[in-house]
Amino acid sequence: MTQPTYDRVALIGLGLIASSMFWAMKRAGFAGTVTGYARSEATRDTARRIGLTDRVCDSAAEAVEGADLVVLAVPVGAMGQVAEEIAPCLKPGATLTDVGSVKGHVVDTVAPHVPEGVHFVPAHPMAGTEHSGPEAGFAELFDNRWCLIVPPEGTDRQAIERLAEFWHMLGANTEEMDPEHHDLVCAVVSHIPHIIAYTMVGVADDLRRVSEQEVIKFSAAGFRDFTRIAASDPTMWRDVFLTNKKATLEILGRFTEELFALQRAIRTGDGQHLFDYFTRTRAIRRGIIEAGQDTDAPDFGRVKVEK
Ligand code: NAP
């Protein structure tokens, strides 16, 4: 049995990320107890049926009572309101963390509610799928992925290290970052790729005649991958763009400039520009494989995960 990094963990929100955390804790032989809470009765019922957490509670306050680690695993736009609700029930000395995809907004909306004596250590596991809900999780989700830890200035060092240790137990690697940098990096590697995918699939859908027949029938790997990303949870992604406005608009501006340059190269027949550009981007892919963040298997390296 692995020694528990915390004795009691509370998961608030029981979707893809929280359920994956729970199964990863189980896999690691986590010896503490885990309570859970989700907003809807339907999700709580599902959680009870599949044994997701040791005890599913009917209120967030009940779930966090006595917990050493409280994880906010709800959409970014709901973090502040949930933090306000549970704040009076947090145990002195406990750590409050989150898994939100945007960090500046979470720090701004959650920190004001954190009571004296509770350590607030925001974090973001850089792992996910297009599926959501309590049945979407699996123990391997965080294996060899990064979990970025984004502690506000002055956060207790021991609390940070304890949370990092917890994420290592779940299979992740950790690194510390400040909120602004985190939001810019994530705009590049995650948020803008999603909006591009949403746009591309939206464009295909606008071409009704095509989308009803050929697009689905002949969908090639490139388009299929766009549709997979564009199937991601609408609530989560709406919140990401509304709360990471500055960085996503900055990167979207750069993206548009590059797109216009490529558009011009196509129009003017500048093959050298296209060839050089595609050569440079191919090297990025090699770097990701060398860093162990994907495989060079065909079908875009997609691994079929057995639940
Ligand atoms: P999810 O599968 O959609 O689950 C969200 C959970 O939050 C559900 O249990 C939902 O309860 C609950 N919830 C929603 N609104 C709420 C509210 N206002 N008050 C209380 N609970 C509420 O989402 P997820 O993919 O696990 O994402 C959770 C967080 O992780 C988000 O902040 C997201 O940005 C972040 N994240 C996601 C990914 C990813 O790829 N999915 C990756 C890294 C980080 P009900 O089921 O009852 O509605």
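## Close-up views of a predicted model

View 1. Residues are numbered from 1 along each chain as its sequence is written, and side-chain values use heavy atoms, with hydrogens and water left out. L141 belongs to the loop between strand 7 (123-125) and strand 8; helices (H or I, at least four residues) and strands (E, at least two) are DSSP runs, numbered from the N terminus. Not counting residues up to four places away in sequence, L141 touches L16, I17, S20, A127, G128 and T129, where contact means heavy atoms within 4.5 Å. T129 is 12 residues from L141 along the chain, and their C-alpha atoms are separated by 8.6 Å.

**View 2. Two residues with positive phi, T53 and N144.** Most residues other than glycine have a negative phi. In T53, however, phi is positive, near 80 degrees. T53 is found in the loop between helix 2 (41-50) and strand 3 (55-56), and T53 counts as buried because its relative accessibility is 7%. Phi of N144 is also positive, near 60 degrees. N144 occupies the loop between strand 7 and strand 8; with 38% relative accessibility, N144 counts as partly exposed.

**View 3. The largest nonpolar core.** A nonpolar core is a set of buried Ala, Val, Leu, Ile, Met, Phe, Trp, Tyr and Cys residues joined through side-chain atoms within 4.5 Å. The largest one has 40 residues, of which V9, M21, M25, F166 and W167 touch the most other members. Two or more residues of this core come from each of strand 1 (8-12), helix 1 (16-27), strand 4 (69-72), strand 8 (146-149) and helix 6 (157-169). Leaving out residues up to four places away in sequence, M21 touches V71, V99, F142, F166, W167 and L170. Another core, of 28 residues, lies apart from it and includes Y37, M79, A83 and V240.

**View 4. H191 in helix 7 (residues 179-206).** H191 has a relative accessible area of 0%, so this residue is buried. Beyond its neighbours within four places in sequence, H191 is in contact with S101, V102, C186, W237, V240, F241, N244 and T248.

**View 5. F275 in helix 13 (residues 271-290).** Is F275 buried or exposed? F275 counts as exposed because its relative accessibility is 57%. F275 and I289 are 14 residues apart along the chain, and 22 Å separates their C-alpha atoms.

**View 6. The whole chain, for orientation.** The chain has 13 helices and 9 strands. Its C-alpha trace spans about 65 × 40 × 35 Å along the principal axes. Of the 307 residues in the chain, 43% are buried. Among contacts with a separation of 6 or more, 74% join residues 24 or more positions apart.

Definitions and conventions
Predicted model: local features only at pLDDT ≥ 70, side-chain atom pairs only at ≥ 80, totals over all residues. Buried < 20%, exposed > 50% of the residue type's maximum accessible area, 1.4 Å probe, protein only.
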